[in-house]
Amino acid sequence: MNIETLIYAYLAVCTSMIIFNCVSIFVFRQQDTSLKKHSSSLETEVLKQIQLIEAGETVEQRHEELLQKKLGSTNNLLAFDETLEKLQEQMPDSIRLYLRGIRPVFTFLAADNKYSNTIKLTYFAYFIRKYRIIEGESSSTIVDMMMKLLQEDSLYCRESALHAIYSTGDCKCVLQALRTVDESNRFHHAKLLTDGLFTFTGDKQQLALELWDSFDSFSVSMQVVILDYIRFSGGDLKEEFLQILADNTKDDELRFSCIRYFGKYPYESAFPLLLEFVQRPQKQRWEYAAIAVTALASYPGERTVEVMKKALTSSNWYIRFNAAKSLESFQLTYLELSDVIESNDRYAREIMQYQVDLNNVRKEKEGTPV
């Protein structure tokens, strides 16, 4: 191939890309115009129904039938979403009453399988979640549909369905959903599950207790999610967590979660175990000591300081770093840290000095006296 042919081929490719971009811009503008037109039409309809509701009447049957016909199309559902989003900012209470009134429309759409592929199903689940269509409903056609979506291969679809289920505010419904996800053997990141549980619209403390009651029926990965949720939701299960922490046969990740729990909620009975993890790191994975020295920041005292200083000499950087950070949180004087800062252990000395300097910089930024 000579250079002239190559140049012509390059120009042809560039021309094709320009034509493609121009056509795409035109198509997207047309779609945007169509969306705005549909949204404006739906807004008029919605406002009319809101007036009826505020007058003490119910949503018109004609309006429900119109929505059943239109919302089977994802484009129309998108336009409806845009309409509701706009009106919700202006009249949130009225929109809430309106959505409650048209709940049968979404029941019809779920029962009639109006959405044929995963992308459309995902958006429908997202819509249900966004407007809390099934809030207060633990058993309905829509809930059943969301449960089925938990079997989809698409993570986005499963995540949207889960959030829709969290919006029911029903603990039993959430337990069923988590069990479905757990038994499906499809990967679902633990952080997504833990964060999602915090969007639960019901009693979070009650959910924590019910999750704990069913704890043994879940796999280890889901048990970690449950422990993390209880830790962040403020569940008072210290004795139960201590039993897991003290059991050497339990999975490491479960025990790590328990160590973090006792770092957030100090418990005197857990203190000896935390010290042991730091003092005898060779008996288990290094993560035990690294996490334990962080948790011990919640247990100030001479014994803790002594163990922390010893941890500064560890060959593991993470253990040294976390120990220095915890020691610095005790706000010890230079004299109390002099045995470390003036020691012959270069690594202990440098990591401690680093944390002291870092804290001084932070205080200067905050305007706090160093």
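Which side chains meet in a salt bridge with 3.1 Å from N to O, one of them being Arg 346? The side chains of Arg 346 and Glu 350 do. A salt bridge here is a side-chain nitrogen of Lys or Arg within 4 Å of a carboxyl oxygen of Asp or Glu. This is a predicted model, in which local features need pLDDT of at least 70, side-chain atom pairs count only at pLDDT 80 or more, and totals for chains, interfaces and linings use all residues. Residues are numbered from 1 along each chain as its sequence is written, and side-chain values use heavy atoms, with hydrogens and water left out.

**Overall build**

- The chain has 20 helices and 0 strands. Both are DSSP runs, numbered from the N terminus: helices are H or I with at least four residues, strands are E with at least two.
- The radius of gyration of the chain is 29 Å, while a compact globule of 370 residues would have one near 21 Å. The radius is taken over C-alpha atoms, and the globule rule is 2.2 Å times the number of residues to the power 0.38.
- The C-alpha trace spans about 80 × 70 × 45 Å along its principal axes.
- Of the 370 residues, 45% count as buried. Buried means under 20% relative accessible area, exposed means over 50%, and partly exposed lies in between (1.4 Å probe, protein chains only).
- Take the contacts between residues at least 6 apart in sequence: 67% of them join residues at least 24 apart. Contact means heavy atoms within 4.5 Å.

**Salt bridges**

- A search of the whole structure finds 16 salt bridges.
- Arg 346 and Glu 350 both lie in helix H20 (residues 346-366). They are 4 residues apart, about one turn of the helix.
- Arg 346 is partly exposed, with a relative accessible area of 48%. Glu 350 is partly exposed too, at 43%.
- Arg 285 and Asp 252 also form a salt bridge, 3.1 Å from N to O. Arg 285 sits in the loop between helix H15 (271-279) and helix H16 (286-295), and Asp 252 is in helix H14 (residues 252-264), so the pair ties together parts that are 33 residues apart in sequence.
- Arg 285 is partly exposed at 35% relative accessibility. Asp 252 is partly exposed at 24%.
- Arg 62 pairs with Glu 60 in a salt bridge, and their closest N and O atoms are 2.9 Å apart. Arg 62 is partly exposed, with a relative accessible area of 38%. Glu 60 is partly exposed at 25%.
- Glu 45, Glu 60 and Arg 62 are linked in a network of salt bridges.

**A buried charge without a partner**

- Glu 64 lies in helix H2 (residues 61-70).
- Glu 64 is buried yet has no salt bridge. The nearest side chain of opposite charge, Arg 103, is 11 Å away. Lys and Arg count as positive, Asp and Glu as negative; His and the chain ends are not counted.
- Setting aside residues up to four places away in sequence, Glu 64 touches Val 59, Gly 101, Pro 104 and Val 105.

**A buried leucine**

- Leu 162 is found in helix H8 (residues 155-166). Leu 162 is buried, with a relative accessible area of 0%.
- Leaving out neighbours within four places in sequence, Leu 162 is in contact with Leu 150, Ala 177, Val 181, His 188 and Leu 193.
- Leu 162 and Lys 120 are 42 residues apart along the chain, and their C-alpha atoms are separated by 16 Å.
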